[in-house]
Amino acid sequence: MLKTGSQHTETLRDGRQVYINGQLAGDVTTHPAFRETIRSVGRLYDFQSADENRSLMTFDMEETGDRASRIWQMPKTYAELVERRKALEAWATLHCGFLGRAPDHVASCLVGMMMGAEIFHDHDPQRAAALADYYRHARDNDLYLTYVIINPQADRSKAASQQQDRTLTAGVVDQDQEGLTIRGAKMLATGSIMANEVLVTCIQPLTEGDEPYAVSFAVPMNARGLRIMSRKSYEEYATSVFDSPLSSRFDENDAILYFDDVKVTWDRVFINQDIRMCQRQFHATPAHVMQNYQAQIRLMVKMRFQLGLAHRIAETNGIVSFPQVRETLGLLAAQTAMVDALVQAMEVKGQAHGKYFVPDAHTLYSAQVLTQKLYPEVISALRELAGGGLIMLPSSVDDFADPQLRAMIEKTQQSPATSGEGRVKLFKLAWDAIGSEFASRHTQYEMFYAGANFVTKNHSYRTCDWDARTRLVDQMLDSYTLDGALRTNKAAAA
């Protein structure tokens with residue numbers, strides 16, 4: 001049921017068609033653009049499968065008595081939800097929150113769909129059966145899933161069916177007894193190069209005429225006709241872990257997937273050309289809440305890392321006792337604690353969904369609204385704490401190989417808290433976290449992975465208990481009247 005890191009790596013040698021720098025990548029596990037991040041993912045699986053982590057990272061499956069990864073657990077109680085969160089938190093700690101689409105993200109989405117499986121069953125029992133079978137397949141084989149749920153931007157003023165090329169967006173071009181034939185593109189396939197399979201659907205609102213794009217299905221990353229077009233790899237240019245400790249090991253990569261008449265068999269089709277059901281799979285089930293709850297757990301760990309980094313920078317620069325610096329650190333500590341508190345509040349305020357227990361939706365969406373704005377503010381605060389130290393670093397680790405240069409580095413990189421080497425090591429890490437191209441991508445990711453800010457604000461509006469809030473206003477309004485106030489004033493004047 002549980003795989004090791006080496007076993008996962010072996011599954012990626014499957015002939016998948018990954019394009020980068022104008023060429024086919026070949027074996028992604030050995031390609032310099034991907035291999036170190038794949039090793040980092042392997043370490044997640046090794047951690048999970050270690051005997052000492054068995055109770056933390058796995059759970060007993062009632063139907064078989066075997067154990068599976070907690071990423072596939074459908075919690076039935078508050079206690080089980082917390083146990084699952086602790087497992088996700090432990091995994092995020094291994095990459096300090098920098099793998100945004102680690103295996104637990106889309107697994108959480110699929111878990112949420114299964115927790116609301118009655119929605120699929122009421123729509124189409126055959127599609128519901130396909131979803132249930134696929135969940136068991138993914139769980140029992142401990143698959144790493146990614147997803148593509150956004151259409152290419154193109155002309156954003158027009159619907160998918162109104163684009164100049166109707167096959168720009170991945171949609172159904174044929175249907176037969178075997179299944180669907182899919183042609184077109186989807187984004188944003190973060191982590192796809194190291195994943196086993198991809199869930200393909202649409203979370204964006206669709207309009208009449210968009211039915212061919214209103215599908216939900218899963219295919220292996222090596223499916224015939226599936227082409228993976230990678231963005232620039234930051235790992236490929238991060239040749240030293242000392243110079244680029246994050247981008248050299250945690251560049252999960254993003255990609256566009258192009259489906260060149262990919263055949264999807266019926267046992268992998270969960271929704272077939274139904275606009276309403278495409279939305280309901282996320283919002284009428286706990287899927288959207290569960291996947292974004294995982295994202296907030298990961299961000300919670302990432303915020304802890306950034307807070308620790310801020311304090312180390314202040315210590316290294318000898319400014320930690322400055323009142324204004326302590327104010328900045330105090331604010332960052334409060335903001336980090338707020339993210340922690342919101343995650344725990346989602347759990348405490350959680351509620352039953354059928355026989356399952358899910359986090360509170362409004363607390364979740366409130367956290368997303370706040371953290372979308374918060375993350376770039378945190379990055380800005382760290383930049384101010386570090387100052388020019390971020391851009392006065394040695395060119396590379398090779399400078400330390402020259403004794404004369406090393407002596408100069410020790411002299412010019414002095415610190416009251418560490419050696420010149422220690423200062424350079426810390427500030428190289430800081431730059432990779434907040435200033436490098438890798439860091440810039442992460443700021444963009446945290447601002448938009450859940451959609452534009454107006455999207456998360458609307459989720460917050462949609463899930464707020466407005467009746468309870470306005471009831472307080474009405475209670476206050478009902479506590480006095482105009483006639484009563486006039487009588488009081490008349491009596492006072494008499």
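Predicted model: local features only at pLDDT ≥ 70, side-chain atom pairs only at ≥ 80, totals over all residues.

Started with an open sheet of four strands, ordered β5-β8-β9-β12 with mixed pairing. Its edge strands are β5 (145-148) and β12 (269-272), each pairing on one side only. Neighbouring strands here are turned by 25° against each other on average, direction ignored.

Residues are numbered from 1 along each chain as its sequence is written, and side-chain values use heavy atoms, with hydrogens and water left out.

My terms: helices (H or I, at least four residues) and strands (E, at least two) are DSSP runs numbered from the N terminus. Two strands pair if DSSP finds at least two bridges between them. Angles run from 0 to 180 degrees between N-to-C directions, with axes as lines fitted to C-alpha atoms.

Next I checked pairs. β8 (residues 197-200) and β9 (residues 215-220) are antiparallel over four bridges, and glutamate 197 has proline 220 as its bridge partner in β9. β7 (residues 179-186) pairs antiparallel with β11 (residues 255-265) over eight bridges; there glycine 184 stands opposite phenylalanine 259. β11 is also joined to β10 (residues 226-230) by five bridges, again antiparallel, with isoleucine 228 opposite leucine 257.

Then the pocket. I take a pocket as an open set of points on a 1 Å grid over the protein atoms alone, where a 1.4 Å probe fits, with protein on both sides within 12 Å along at least five of seven lines; lining residues have an atom within 4 Å of a point. I found 44 lining residues, with Ile150, Arg156, Gln204, Gly451 and Ala452 nearest its centre. α16 gives the most to this lining, five residues.

Last, histidine 95: where does it sit? It is in helix α4 (residues 78-95). Why do I log histidine 95 as buried? Because its relative accessibility is 3%, and buried means under 20% (1.4 Å probe, protein chains only). Its side chain reaches the backbone nitrogen of leucine 99 at 3.1 Å. Leaving out residues up to four places away in sequence, histidine 95 touches Leu44, Ala102, Phe250 and Arg298, contact being heavy atoms within 4.5 Å.

Methods:
Buried < 20%, exposed > 50% of the residue type's maximum accessible area, 1.4 Å probe, protein only. Polar contact = N/O pair within 3.5 Å; in protein donor to acceptor, adjacent residues only side chain to side chain.
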